[in-house]
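Thanks for making the time this morning. I would like to walk you through one model, so please have the sequence and the coordinates open as I talk.

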Amino acid sequence: MVITEVRIKLVEENNERLMAFCSVTLDNAFVIRDLKIIEGTKGLFVAMPSRKLTDRCPRCGSKNHLRARFCNNCGTHLDENRAPRDHDGRAKLHADIAHPINSACREVMQNAIIKAYHDERERAKIPGYVCTYDDYDGGDYDYESPSYAGMVAGGKPGFRAHGGHGANGRGTHLGQSDKGAAARKATDEFGAGL
Ligand SMILES: [Zn+2]
């Protein structure tokens with residue numbers, strides 16, 4: 001498996017630890033979106049795309065997010081601490097949609113993504129920079145409890161994505177023909193070394 005492209009969407013400076021969204025293309029054939037680059041206590045790490053876990057309301061049977069305090073359908077009060085917990089006591093609120101099944105693959109993927117992230121930050125300093133990430137929904141900030149917390153690729157913590165990205169207008173992704181060239185070059189170089 002070769003990662004043939006990584007696209008990064010830097011996130012404007014915020015109070016959260018979310019630094020960027022990204023997508024990866026495998027073998028020029030398959031794209032996975034909505035990965036997240038998060039600043040952990042030991043550096044940057046990549047969180048796989050995930051979905052919120054739900055359970056059913058004891059009264060009406062409709063599905064609610066595990067953190068919901070009231071049923072969306074009937075309004076019944078729900079225990080907001082009902083989510084199952086892992087051995088560290090953290091609530092299990094999300095499940096990965098796509099993820100590596102061994103540490104070698106996770107390492108390759110994470111290294112490629114973190115490298116592309118740093119490259120993107122450099123590119124973002126250049127006037128006229130346009131993000132190549134296809135942003136369908138204007139950004140989804142729901143990233144609590146990333147499932148790969150602690151999987152760190154040695155990035156330097158303590159910096160923030162600068163605020164310039166927003167100036168380009170989030171969601172304006174017309175005319176993308178050559179914007180990804182630099183990103184592709186970067187990932188191709190990375191892939192060649194594997
Ligand atoms: Zn209900």
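I will go from the overall chain to the metal site, then to a neighbouring topic in the loop, and finally to a helix.

This is a predicted model, in which local features need a pLDDT of at least 70 and side-chain atom pairs count only at pLDDT 80 or more, while totals for chains, interfaces and linings use all residues. Residues are numbered from 1 along each chain as its sequence is written, and side-chain values use heavy atoms, with hydrogens and water left out.

The protein chain averages a pLDDT of 78, and 69% of the residues score at least 70, pLDDT being the predictor's confidence in each residue, from 0 to 100. Over residues 143–194 the pLDDT stays under 50, although the model has 115 contacts beyond four places in sequence for that stretch, where a contact means heavy atoms within 4.5 Å. Where pLDDT is low, the predicted coordinates should not be read in detail.

The secondary structure comes to two helices and eight strands, taken as DSSP runs numbered from the N terminus (helices are H or I, at least four residues; strands are E, at least two). Along the sequence, the pattern is β-β-β-β-β-β-β-β-α-α.

Now to the zinc ion, whose protein donors are the SG atoms of Cys57, Cys60, Cys71 and Cys74, lying 2.3 Å from it; donors are N, O and S atoms within 2.8 Å of the metal (3.2 Å for Na, K and Ca), and since water is not among the atoms, sites may look incomplete. Their spacing along the chain is C-x2-C-x10-C-x2-C. What arrangement do the four donor atoms around the zinc ion make? The angles they subtend run from 104 to 115°, so the arrangement is tetrahedral, a label that requires all angles of four donors to lie between 85 and 135 degrees.

Cysteine 71 counts as buried at 5% relative accessibility, whereas cysteine 74 is partly exposed, at 28%; buried means under 20% relative accessible area, exposed over 50%, and partly exposed in between (1.4 Å probe, protein chains only).

Asparagine 72, in the loop between β7 (63–65) and β8 (94–96), is exposed, with a relative accessible area of 69%. Not counting residues up to four places away in sequence, asparagine 72 touches Lys63 and Asn64.

Definitions and conventions: Four donors count as tetrahedral if all angles lie between 85 and 135 degrees; four count as square planar and six as octahedral if opposite donors are over 155 degrees apart and all others between 65 and 115; anything else is irregular.
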